[in-house]
Amino acid sequence: MSADACNLSCMTQNDLLSGLREALRAELKCGMQALLFMAEIERRKLYVERGFSSLFRFCVEGLGLTEDQACRRVAVVRAAHRVPETSR
């Protein structure tokens, strides 16, 4: 059941818990997808073509992320480069 289908206050406890689990799974999937896009953008250095000096600057100035959000995401992308493919 989606939050749009009914006011959250009228949902059963089980529907609320189920809805939360579903939302968290979707959030994780979207977050992973965003990181994969970001990794490929870094690999191709597309941010340079857009006039940014770094992936971090692209995230902050081009995408509107906060510096903290950008820093965390860039760190994850770079850490993933250091992990051998067989460990993933």
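Which residues of α3 are buried? In α3, the buried residues are Leu55, Phe58, Cys59 and Val60. Buried means under 20% relative accessible area, exposed over 50%, and partly exposed in between, with a 1.4 Å probe and protein chains only. This is a predicted model, in which local features need pLDDT of at least 70 and side-chain atom pairs count only at pLDDT 80 or more, while totals for chains, interfaces and linings use all residues. Residues are numbered from 1 along each chain as its sequence is written, and side-chain values use heavy atoms, with hydrogens and water left out.

**Overall fold**

- The protein chain has 4 helices and 0 strands.
- Its elements run α-α-α-α from the N terminus on.
- Helices (H or I, at least four residues) and strands (E, at least two) are DSSP runs, numbered from the N terminus.
- The protein chain has 88 residues, of which 18% count as buried.
- Contact means heavy atoms within 4.5 Å.
- Among contacts in the protein chain with a separation of 6 or more, 24% are between residues 24 or more positions apart.

**Helix α3 against helix α4**

- Two packed helices are described by the angle between their axes and the distance between the axes.
- Helix α3 spans residues 55-62 and helix α4 spans residues 67-82.
- Their axes come within 9 Å and cross at roughly 145 degrees.
- Axes here are lines fitted to C-alpha atoms, for helices over the stretch in contact, and angles run from 0 to 180 degrees between N-to-C directions.
- The crossing of α3 past α4 is right-handed.
- A crossing is right-handed if the near helix is turned clockwise from the far one by less than a right angle, and left-handed if anticlockwise.
- On the α3 side, the contact is made by Leu55, Phe56, Arg57, Cys59 and Val60.
- On the α4 side, Glu67, Ala70, Cys71, Val74 and Arg78 take part.
- By class, this contact has 7 nonpolar, no polar and 3 charged residues.
- Ala, Val, Leu, Ile, Met, Phe, Trp, Tyr, Cys and Pro count as nonpolar, Asp, Glu, Lys and Arg as charged, and the others, Gly among them, as polar.
- The buried residues of α3 pack against α1 and α2 as well as α4.
- Gly64 follows α3 and has a positive phi, near 80 degrees.

**Leu55 and Glu42**

- Leu55 lies in helix α3 and has a relative accessible area of 0%, so it counts as buried.
- Leaving out residues up to four places away in sequence, Leu55 touches Met38, Ile41, Glu42, Tyr47, Val74 and Arg78.
- Glu42 sits in helix α1 (residues 13-44).
- Glu42 is buried because its relative accessible area is 9%.
- Its side chain makes a polar contact with the side chain of Arg78, at 2.8 Å.
- A polar contact is a pair of N or O atoms within 3.5 Å; within protein, one must be able to donate a hydrogen and the other to accept it, and residues adjacent in sequence count only if both atoms are side-chain atoms.
- Beyond four places in sequence, Glu42 touches Tyr47, Leu55, Val77, Arg78 and His81.

**Partly exposed residues**

- Arg57 lies in helix α3 and is partly exposed, with a relative accessible area of 24%.
- Arg57 touches Phe52, Gly62 and Glu67, not counting residues up to four places away in sequence.
- Arg57 and Glu67 are 10 residues apart in sequence and 8.7 Å apart in space, C-alpha to C-alpha.
- Cys71, in helix α4, is partly exposed at 45% relative accessible area.
- Lys45 is not a glycine, yet its phi is positive, at about 55 degrees.
- Lys45 is partly exposed, at 45% relative accessibility.
- Lys45 and Leu55 are 7.9 Å apart in space, C-alpha to C-alpha, and 10 residues apart in sequence.

**Aromatic pair**

- The whole structure has 1 aromatic pair.
- It joins Phe52 and Phe58, whose ring centres are 5.5 Å apart and whose planes stand at 70 degrees, so the pair is edge-to-face.
- Rings of Phe, Tyr and Trp (its six-membered ring) pair if their centres lie within 6.5 Å; planes under 30 degrees apart count as stacked, over 60 as edge-to-face and the rest as tilted.
- Phe52 is buried, at 18% relative accessible area.
- Phe58 is buried too, at 13%.
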